[in-house]
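User: Hey, can you walk me through this model? I'd like to talk about the sheet and the salt bridges.

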Amino acid sequence: MFETRNHIDGRWVEGPSTLPDINPSDTREVIGEFAQAGEDQVPEAITAARRAQSQWQWSPPETRYGALMQIGNALMERSAEFGELLSREEGKTLPEGKGEVYRAGQFFTYYAAEVLRRMGDLTDSVRPGVEVLVSREPVGVVAVITPWNFPTALPAWKLAPAIAHGNAVVWKPASLVPASAAALMQIIEDSDLPPGLVNMVLGSGRTVGEALITSPDIDAITFTGSLATGRRIAEAAAVNLTKLQMEMGSKNPLVVVDDADLDTAVSCAVNGSFFSMGQKCTASSRIVVTRGVHDEFVARMQAAMDRLVIGHALEADSQIGPVVDEHQLARNLSYIEIGRGDGAELVCGGEPLERATPGHYMAPALFVGGDNAMRLNREEVFGPLTCVLRADDYDHALALANDTEFGLTSSIITTSLSRATHFRRHSRTGCVMVNLPTSGTDYHVPFGGRKNSSFGPREQGRHAEEFYTQVKTAYVSAGQAG
Ligand code: NAD
């Protein structure tokens, strides 16, 4: 059905070892044995990318448009097939898997259209007879390093603008989701992109990842993953002064105030905290509720959580699938103990679940009675756990929401326009939502965070050009004619 190898210089190639890809909904199922690249294959991929990029950077807009449209359309056409594959290996439900692959296609078609809209600036110099042209050129060879939680959409939101702006790529997907990576790579191979423009090297962060980030031959690194890995990548990038963009963890607050519509609040909280097993950088891992509605909100949350159906990702009635692997499940369960140990009260969930198939199932967990200093409320867990923090009033809620080292997304549930406006302006996050879950963003507008959630220019929409291009200022004297 798809290749299980690395893709270097237009060819599928073996590596020195292989790694099994296991279905988290049914751990008896091995989806495939995927070749892991050796460190020595990384320079080969970089050389191939450099060669391809030297041609691609001069490609006319319609050539880029055509190839990006092919990839985007193929992803949308095959979203059912590849969405099922994604759900099998990552564990998100089938509608989420299909929706993600479709969305990945939209990133490519969006950037295809953007290629045709690119313009430069022309202005007069302060010197008579001289014109100044400000244009954008590709950065060159970009290392793309991606996590496992959005196996197709996340690489797409990096690969599409990289290609659109004339760059070549060496992409290292996360080890837990090689099948989705290979599926995307197959679609790229089937397009008119030149061989070697996008190279895929599977392997661990310790080996293949390190070889990429420490290479002086990489012009730019775009990374999404954990804060710890981000810090290591920033260190490596500093040595070679490699251009860098990073999106990392968060501790996103959903604020519910006394004037909130509680049906909206509960639906946003359940969606933002637990869908995709809370394995979203935008998940609501803190829910800050003012005291007038605190108890009623908690009671309604509990009732809503009782109705959640957790099961095999491919089963039609499953609303939430399994946790991605045994390590993440163990981590989630350890935070249940950490939360309890610190004095928070577990209202419901938090235990492993048995289903018809052996998988990493867990009941989403709701804590109350915690304070914002607890580890549960400061550290990113990346699982279906959230804690309700009681606030005295809106000002207190805002202060709690902002009291974190992270700053990706935030949301307020309110019926007051002035409160919504105040929150939108005072929330110290890169993305802010009103009467919506903290997760769920569009592809045509910038995405990114503040503080330890992000580093470097924004991703997505037109803002992506800041990272994937470099600016050239040309002074042209028209001589006597000027
Ligand atoms: P991770 O940091 O463990 O791994 C991310 C990627 O980095 C993987 O491909 C991994 O192999 C690679 N890597 C690890 N060590 C490396 C090294 N030394 N050098 C180079 N590459 C290395 O993260 P994860 O567990 O795959 O994903 C979960 C994390 O991703 C969470 O913290 C989550 O918040 C974050 N995330 C953030 C966003 C966002 O946009 N802010 C989106 C999705 C996920």
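Here is the chat that followed.

User: What kind of model is this, and how are the residues numbered?

Analyst: It's a predicted model, where local features need pLDDT of at least 70, side-chain atom pairs count only at pLDDT 80 or more, and totals for chains, interfaces and linings use all residues. Residues are numbered from 1 along each chain as its sequence is written, and side-chain values use heavy atoms, leaving out hydrogens and water.

User: OK, the sheet. What's the strand order?

Analyst: The order is β14-β17-β18-β13-β12-β19-β20, an open sheet of seven strands with mixed pairing. Strands here are DSSP runs of E, at least two residues, and helices are runs of H or I, at least four residues, both numbered from the N terminus. Two strands pair if DSSP finds at least two bridges between them.

User: Which strands stand at the edges?

Analyst: β14 (345–348) and β20 (431–434) do; each has a single partner strand, so one side of each lacks a neighbour in the sheet.

User: And β18, how many of its residues are buried?

Analyst: Six of the seven, so β18 is largely enclosed by the rest of the structure. Buried means under 20% relative accessible area, exposed over 50%, and partly exposed in between (1.4 Å probe, protein chains only).

User: How many bridges join β18 to β13, and how many to β17?

Analyst: Five bridges join β13 to β18, and three join β17 to β18. Both pairs run parallel. Thr290 stands opposite Ala391 in β18, while Ala365 is opposite Leu385 in β18.

User: Switching topic: how many salt bridges are there?

Analyst: The structure holds 23, counting a side-chain nitrogen of Lys or Arg within 4 Å of a carboxyl oxygen of Asp or Glu.

User: How far apart are the closest N and O atoms of Arg28 and Asp26?

Analyst: They're 2.9 Å apart, in a salt bridge. Arg28 is exposed at 59% relative accessibility, whereas Asp26 is buried at 12%.

User: What about Arg300, which residue does it form a salt bridge with?

Analyst: That's Glu296, with the closest N and O atoms 2.8 Å apart. Arg300 is partly exposed at 32%, and Glu296 is partly exposed at 42%.

User: Which residues are linked in a network of salt bridges?

Analyst: Glu3, Arg5 and Glu14 are linked that way.
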